[in-house]
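Colleague: I have a model open and would like to go through it with you. Can we start with the words you use?

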Amino acid sequence: MNEHVDTADKGPNKQMVELLQGAWRARAIHVATELGLPDLLERGERTVAELAELTGTHARTLGRLLRALSTFGVFQRHADGHTYSQSPLSAVLVSEPGNAESTDARFMAANWHWAAWGDLLHSVRTGDSSFEVANHGVSFWELTKSDPEAKERFNEAMNAVSREESTGVARTYDFSGVRTVVDVAGGLGSLLAAILTEHPEVFGTIFERPEIVPLAQARLEAADVAGRYEIVAGDFFEQVPAGADLYTIKRALHDWDDDTIVRILEQIKEAMRPDSVLLIIEGVVDEESDQEALFRGLLLTVLVGGQDRPESDYRALAERAGLRVVRTVPVSDDLRIVETRRD
């Protein structure tokens, strides 16, 4: 029984009501994902009573949640009104390793994430992150450092999104002649793993915060790159491993304001040899940016006070740090490699 209704021909009032209820729809999806409903229905259809028993929830309320979700295509409601099965949309949320949509849903489902969006007005009024205001004085970076669950949700979400685009970077950029790479703020190692996989002659280093090192180690051990990497703990505000042929920093600068970005780039420049190359890999926004890219930029502001920028801004910031922009290499619709050298 498909209760989904096409809203394309509805008037502006009805369309606006549906937009205003968008937050409710998102929250319902978050809760369904938290309860593991997509995973449970992956094994076949189940009744509401069965799902309630398996998830430890109130059956009547769970039934109302499932019925509401089915009206816009998340789960399929059967004719008896009490049985549900997977739909194409809910199947996207199955918690398979590397599933970007599932890990993203879990990241968004966290109360601290939801609370930060609830204080979006603070960000719009001040230009600052609303996260700390919404979470009783705790910053996003403090939480994802000290809280194991928050750290896991954040890094899993970032890693899942990063895998596909990292392969794009590794295949798009010409690594000819490169023997050593340092990936600054390399996260769980998606980019370095992709580079090492595509280019067997390269030896790589991940430079990350100490609390991320064990997570990166586990991920790289699972890749077929044994003996060709090291992981160094540190702080890119203080010092970066020196002397590599190539440095990369991917989707990290957008977390910071302009002056802080210049400081980070200056630290990397200090570590570079005269002939080293630095690749600034970032999502860019311009007049052609789509809805997803624009809301992702708002997310940066809400969580950490950051923002996505036009390509011209990254060029200007690199030049402020004493780096010369050689060229720009497009990877996808919004992802760009800005290739720089020491001035």
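Modeller: Buried means under 20% relative accessible area, exposed means over 50%, and partly exposed is in between, with a 1.4 Å probe and protein chains only. Glu156, for example, is partly exposed because its relative accessible area is 22%.

Colleague: What kind of model is this, and how are residues numbered?

Modeller: It is a predicted model, where local features need pLDDT of at least 70, side-chain atom pairs count only at pLDDT 80 or more, and totals for chains, interfaces and linings use all residues. Residues are numbered from 1 along each chain as its sequence is written, and side-chain values use heavy atoms, with hydrogens and water left out.

Colleague: Back to Glu156. Which side chain does Glu156 meet in a salt bridge?

Modeller: That of Arg219, at 2.7 Å from N to O. A salt bridge here is a side-chain nitrogen of Lys or Arg within 4 Å of a carboxyl oxygen of Asp or Glu. The pair links distant parts of the chain, as Glu156 is in helix 12 and Arg219 is in helix 14 (residues 213-222), 63 residues apart. Arg219 counts as partly exposed because its relative accessibility is 25%.

Colleague: What counts as a helix?

Modeller: Helices (H or I, at least four residues) and strands (E, at least two) are DSSP runs, numbered from the N terminus.

Colleague: How many salt bridges does the whole structure have?

Modeller: A search finds 19. One of them joins Arg153 and Glu34, at 3.1 Å from N to O. Arg153 lies in helix 12 and Glu34 in helix 2, so this pair ties together parts that are 119 residues apart in sequence.

Colleague: Why does Arg153 count as buried?

Modeller: Because its relative accessibility is 6%. Glu34 has a relative accessible area of 40%, so Glu34 is partly exposed.

Colleague: Which residue does Arg251 meet in a salt bridge?

Modeller: Glu165, at 2.8 Å from N to O. Arg251 is in the loop between strand 7 (246-250) and helix 15 (258-271), while Glu165 is in helix 12, 86 residues away. Both residues are buried. They also belong to a network of salt bridges that links Glu165, Lys250, Arg251, Glu292, Arg296 and Asp334.

Colleague: New topic. How many aromatic pairs are there?

Modeller: The structure holds 14. Trp141 and Phe154 form an edge-to-face pair, 6.0 Å centre to centre with 75 degrees between the planes. Trp141 lies in helix 11 and Phe154 in helix 12, so the pair ties together parts 13 residues apart in sequence.

Colleague: And the cut-offs?

Modeller: Rings of Phe, Tyr and Trp (its six-membered ring) pair if their centres lie within 6.5 Å; planes under 30 degrees apart count as stacked, over 60 as edge-to-face and the rest as tilted.

Colleague: Is Phe154 buried or exposed?

Modeller: Phe154 is buried, because its relative accessible area is 11%. Trp141 is partly exposed, with a relative accessible area of 25%. Trp141 also forms a stacked pair with Trp256, 6.3 Å centre to centre and 10 degrees between the planes. This second pair links distant parts of the chain: Trp141 is in helix 11 and Trp256 in the loop between strand 7 and helix 15, 115 residues apart. Trp256 is partly exposed, at a relative accessible area of 23%.

Colleague: Which residues form the aromatic cluster?

Modeller: Phe107, Trp112, Phe131, Phe140, Trp141, Phe154, Phe236, Phe237 and Trp256 form one aromatic cluster.

Colleague: Phe107 is in helix 7, I think. Which residues of helix 7 are buried?

Modeller: In helix 7 (residues 100-109) they are Ser102, Thr103, Ala105, Phe107 and Ala109. Their cover includes helix 2 (22-34), helix 8 (111-118), helix 11 (140-146), helix 12 (148-172) and helix 16 (291-304). Contact means heavy atoms within 4.5 Å.

Colleague: Last one, away from there. Where does Met16 lie?

Modeller: Met16 lies in helix 1 (residues 12-20). Met16 counts as partly exposed because its relative accessibility is 44%.

Colleague: And Gly73, where is that found?

Modeller: Gly73 is in the loop between helix 5 (59-70) and strand 2 (76-77). Its relative accessibility is 22%, so Gly73 counts as partly exposed. The C-alpha atoms of Gly73 and Lys14 are separated by 19 Å, and the two residues are 59 apart along the chain.
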